[in-house]
Amino acid sequence: MAKIRKLSVTTGIDWVEIPKANLRILCGCPADSVKFLMRRGLIMATEQDGVSFETGPNAILLSDVRLQNGQLCNLAEFPVLQMLYRQGMIIPDHPNNTGQKPLIIGHRDQVDAQMQYIYRGNYGLISEEEIRAAGVSAAQAKEMMRLKRRFAFGRIRPTQELLDSVVVGTDPVSLCKHVTIRRLEINRFEISYKGESVTVDLTIPRNATYASPYALSAHNVKREYFAVLHSGDGDGWDINRPTMGSIVMFQGRIYLVDAGPNIQHSLNALGIGVNEVDGLFHTHAHDDHFAGITTLIRAGRRIKYFSTPLVRASVVKKLSALLGMEERNFSEFFEIIDLECDVWNDVRGLEVKPVFSPHPVETTLFYFRTMWEDGFKSYAHFADIADIDLLQEMVTDDPDADGLTEEACRRVKKAYAEPADIKKLDIGGGMIHGKAENFRNDASKRIILSHTALPLTDREKEIGSSAPFGIVDVLIPTEQEYARKQANDYLMSYFPDAPPHEIRILLNGTILSFNPETIILHENEINTNLFLLLNGSVEMIHTRSDTSSLLSAGAMVGEISGLYAMPSTATYRTSSYVRALRIPVSVYERFVRRNTLMADIERIQENISFLQGTCLFSGAISYIHQNRIARGMDRISVNSGETITPPKGSLIVVKRGRIHRYFGNDDTPIETLAVGDFFGEDEILFQMPDLLNSTADEQATLYAIPGDLLLHVPVVRWKLFEAHEHRRNLLFSSLSRDGSIEHLVWQESCQINVSAMDRQHRWLFELGRLVAERLRAKHDREVISKAFDSLVHATEAHFEDEMELLLSYDYAHAAEHNDHHGRLIKQIKEAGNSLIDGGNPEAFEAFFRTWLIDHILREDRRYAVHLNERGLF
C-alpha cells in the first residue's frame, strides 16, 4: 500500500496526504480552493467526543509565483480559517486542538506575503495611527480600536502565533517526522516519506485559468434605468453559489458591489464584459468580497473604485501585501473616488451613502437611491453586518475597556433599521455576521436574505426571500435604448474627427444578439460584416500562436480582415450572451475613405494584427489604446549574436527570431524569447535598468513600444507586473541552482558600477555568507547572533553612506530610497530572531537572495545610472 496519497483536485490544485505522519497538504490555494476540497470529499463533517467539526488539510503548499495567466495563485485566507475554526485547531478544549498549528510551506517571499496578507485579512488596520492616517479623528480611532480588539478577543495577534511555516529550498527540508520537501525547479516540488516520493507541479498551462467550483447558467440581462442584479447570495463556504454580491444598474451603467472569488465566471454568465464595468463599490477586505479585485485590473481602462478612505486603506494594505507592490501603485490600476461616510454622495446622478458597520476589518454598508415620480427608489446592501444581540453584549461604560459605547451601539441599530425598497442582508450568523431575526420588524418593502450556505429556515422565510443568481429587481424600468447610445459613444471616441452624420451611418446597422458559444467569425474566413461589441464577452482564439483572450465591450471584430478582404487570423466565439452592432464592410470601407482614414489604417494594420496575436496585447484593450500603441511602435532589426540596446523607456516585443537572455557573464541563458514575447518591463514599471542582457540568437526583428503608451492600460500594466514577478523568480533560481552556500559569493554581475558602493555590497555578501555558514554548521545561538548583528550593523552603516552619497548628488528618488532602507532594516531585524531561533539556513539564504535581487540588483542600479551620468563610477 502506498505511503503517500496524491490526488489532482483541479487545475492548479493537488492534494498530498501521508496518513501515518498525520499530514494533509493542500498544494496550491487559488480562490475558492476550500470549495474544491469540499466537492472532492477531502473536507467532510465528522464528530468526536460529541463535538461536530470538519476534516481537511493541516498544511498549505504555496505557488512560487504570485500570478499565473493574470490570476492570483496564493489566497490562503479561507483555507487557514477552515483549519483554525471549522476544524477546531485553535478552539480551546476542542478535540482537534492538539497544539499543532496550520503549516504554510513555500518560498520565503510567498510565505512572508501570505503571513502579512492573512494578518491584514484578520484585522485590517491595526493601530490608531493607521486609522487616523485614513482621515479619522483621534477620538474615533480610539473607539474603533476598542471595538477591533473586542472582536480580536483582546489582542491583535501576529500571524506567526497562529501558523507555523517552512521555507523550501533545493535541499530537502523537514515538514514533520520523516517527511521532507524540496524544490526541483520553480513551482515543482518533491515530497518524500520513508523512501517514497511524489512530485507536485503548481504551474498551470498557458492560456489556462483556475476553475470555478460551481457551474452558472447563462443569463441575457437587459440594462435598466435603476435595478439590482443579484450576482451571489452564498458565503465563502458555499460550494454551489457565488459569494454575496450585487450589481447595481443605473442609467445603463454597471456598478459592482464587492468583488468576490471567480467574479470573471459570474460576469461571463451574466453577459457582462469587464470593460462594461463602470465602477466597484467596496464594503470590506475579506476574501469572499475582495478576491476578485484583480479581475477588474484586467480591463482596458482604470475602473472607478468607490469606498470610504478607511475601507480603501484596509484593502490597499492587504492587496499590497499579497502582490508585494507599493501601496501607491493601487491608483495606477483604479480610479479612486473616495466617499464620505454617513452622507449621500452624488455618483453621476446615483446617490450613495456608506454607513459604518462593526466588523473585525473596516466595513461599510451601502445605501443607493435615485429620485423618481413617486419619490426616491432605494437599495440597501448589508454585507458582513453584526448580530445586534452580540453587539449589545460588547457594550461597556468603561472608556478603557474593549468594546463599544451604548451610544455607538444605538447608532448602528439606527443605521441598520433605515428602510429601503430592497434590502439585502448578511445572515451568516456567528460572531461576525448578522441574523435574520434582527430584521423581523424592518420597514423595508422587500428583504433579501444572503451570505449563507444553509437553506433558509421557516422563521427566516417569514422575514425575507432569496435572490438566486441572475435575478433582477427593477426599481425604475428603462424606456431608453442604451446599446445604441453606447455604440455612438464608442464610435465618437474612435473617430473624433468624423462628422456626427457620418457616425450615424455606421450606427444605422442592426444590433444583433448572439447566444453563448456562437462563432461570430471563423479563422481564415473573409468576412463581409464587422461587429462592434456592446455587451458580453467574445473569445479570440489564435490556434497558430496558441493564444486566446477575452474581448469585451468596445472591441471591433473583423475590422482589418474585412477592410482588406483578408482571411481572419483568429476565430471569434462568444463566451456569454453578446450584443453587437453589425456594420457591413462595404459601408465601413466607404466611411473610412470619405473621412480619409484609410492611409492611417493601412499604416498601422500590420501592427494591429501582430499585437492581437500576442499574449500581452490580446484581450480587453480598447480600440483607442490599441491604435495608439500600433502607431507608436518602431521596428528594429538585429543581427545574429548582436547585443540588444533598447531605446530608453521602451518595451521590446519580438516580431521575428529568438532572443537569449543572460545574467551577467553567464554562458547559459536564463530564458529564450520567441515571437510575441517581450522584455523591458522593469524600466517601464519601476524606472530600473534591466538586470538581464539580451542577445539575438538569429537574425531578428523587434518592435520598440514607448512605455508611456502602456502604463494607462491596466490590463497591460498587470501583465507587465506578472512578467516582472516571473523574471524575478527566474533570476532567484539562477542564483540558487543547488541551494548551496557558494551562491552567496559575490559575482561581478552583481556590481552596480559605483566602486565605493560595490565594495560595501561585497562586504555585506561576505557577512551574509558567514551567517549562513554558521546556520548550516548548527552553531549555538550566541555565535549565530553575533554574526547576524555584524550583518545588521554593517547594513545600517552602508545605508547611511549610500544616503549621504545620493543627497550630495541630488538624486530625485533619495527619499523613496531611504524609505526602502527603513523597511529593509525593520524586515532584517524582525526576521533575525526567527531565523536565529529556527536555525534554518535555507530560510536565511532565501531571505538574503531576495534582498539581493530586490534591493541591490534593482533599487541600487536605479540610482547608479544617475551617479554614472554625473561622472561617479
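Gln605 lies in helix α19, which covers residues 598-612. Helices (H or I, at least four residues) and strands (E, at least two) are DSSP runs, numbered from the N terminus. This is a predicted model, in which local features need pLDDT of at least 70, side-chain atom pairs count only at pLDDT 80 or more, and totals for chains, interfaces and linings use all residues. Residues are numbered from 1 along each chain as its sequence is written, and side-chain values use heavy atoms, with hydrogens and water left out.

Is Gln605 buried or exposed? Gln605 is buried, at a relative accessible area of 16%. Buried means under 20% relative accessible area, exposed over 50%, and partly exposed in between (1.4 Å probe, protein chains only). Leaving aside neighbours within four places in sequence, Gln605 is in contact with Ile560, Tyr564 and Met566. Contact means heavy atoms within 4.5 Å.

## The chain as a whole

The chain has 26 helices and 42 strands. Its C-alpha trace spans about 80 × 75 × 65 Å along the principal axes. With 873 residues, a compact globule would have a radius of gyration near 29 Å; the chain has 28 Å, which agrees. The radius of gyration is taken over C-alpha atoms, and the globule rule is 2.2 Å times the number of residues to the power 0.38.

Of the 873 residues, 60% are buried. The chain exposes about 34400 Å², and carbon and sulfur atoms supply 49% of that area. Accessible areas come from the Shrake-Rupley method with a 1.4 Å probe; for residues, only the protein chains shown count as cover. Among contacts with a separation of 6 or more, 72% are between residues 24 or more positions apart.

## Nonpolar cores

In soluble globular proteins, nonpolar side chains tend to be buried together. A nonpolar core is a set of buried Ala, Val, Leu, Ile, Met, Phe, Trp, Tyr and Cys residues joined through side-chain atoms within 4.5 Å. Which residues touch the most other members of the largest core? They are Phe495, Tyr588 and Phe617, in a core of 125 residues. Helix α10 (residues 309-323) gives the largest share of this core, seven residues. A second, separate core has 28 residues, including Leu692, Cys750, Phe799 and Ile825.

Phe495 has contacts beyond its neighbours within four places in sequence. Among them are Ile503, Leu506, Met556, Tyr588 and Tyr623. Tyr623 is also one of the buried residues of helix α20. That helix (residues 623-632) is mostly covered, with seven of its ten residues buried. His625, Gln626 and Asn627 are also among the buried residues of α20.

## Aromatic rings

The structure holds 28 aromatic pairs. Rings of Phe, Tyr and Trp (its six-membered ring) pair if their centres lie within 6.5 Å; planes under 30 degrees apart count as stacked, over 60 as edge-to-face and the rest as tilted. Two pairs are set out here.

| Pair | Geometry | Centre to centre | Angle between planes |
|---|---|---|---|
| Phe78 and Trp237 | tilted | 4.8 Å | 50° |
| Tyr225 and Phe250 | edge-to-face | 5.6 Å | 65° |

The Phe78 and Trp237 pair links distant parts of the chain, 159 residues apart. Phe78 is in helix α2 (residues 77-86), and Trp237 is in the loop between β15 (226-232) and β16 (245-250). Phe78 and Trp237 are buried. Tyr225 lies in the loop between β14 (196-201) and β15 and Phe250 in strand β16, so their pair ties together parts that are 25 residues apart in sequence. Tyr225 and Phe250 are buried too.

Trp237 also meets a charge: the charged end of Arg86 sits over its ring, 4.3 Å from the centre. The charged end of Arg369 sits over the ring of Trp344, 3.9 Å from its centre. A charge sits over a ring if NZ of Lys or CZ of Arg is within 6 Å of the ring centre and within 35 degrees of the ring normal. Elsewhere, Tyr255, Phe281, Phe306, Phe366, Phe368 and Tyr379 form one aromatic cluster.

Helix α2 is mostly covered, with seven of its ten residues buried. Besides Phe78, the buried residues of α2 include Glu77, Pro79 and Val80. Gly88 follows α2, and its phi is positive, near 90°.

Gly28 sits in the loop between β3 (23-27) and α1 (33-39). Gly28 is buried, with a relative accessible area of 3%. Leaving aside neighbours within four places in sequence, Gly28 is in contact with Gly12, Ile13, Ser33, Leu61 and Leu202. The C-alpha atoms of Gly28 and Thr370 are separated by 45 Å, and these residues are 342 residues apart along the chain.
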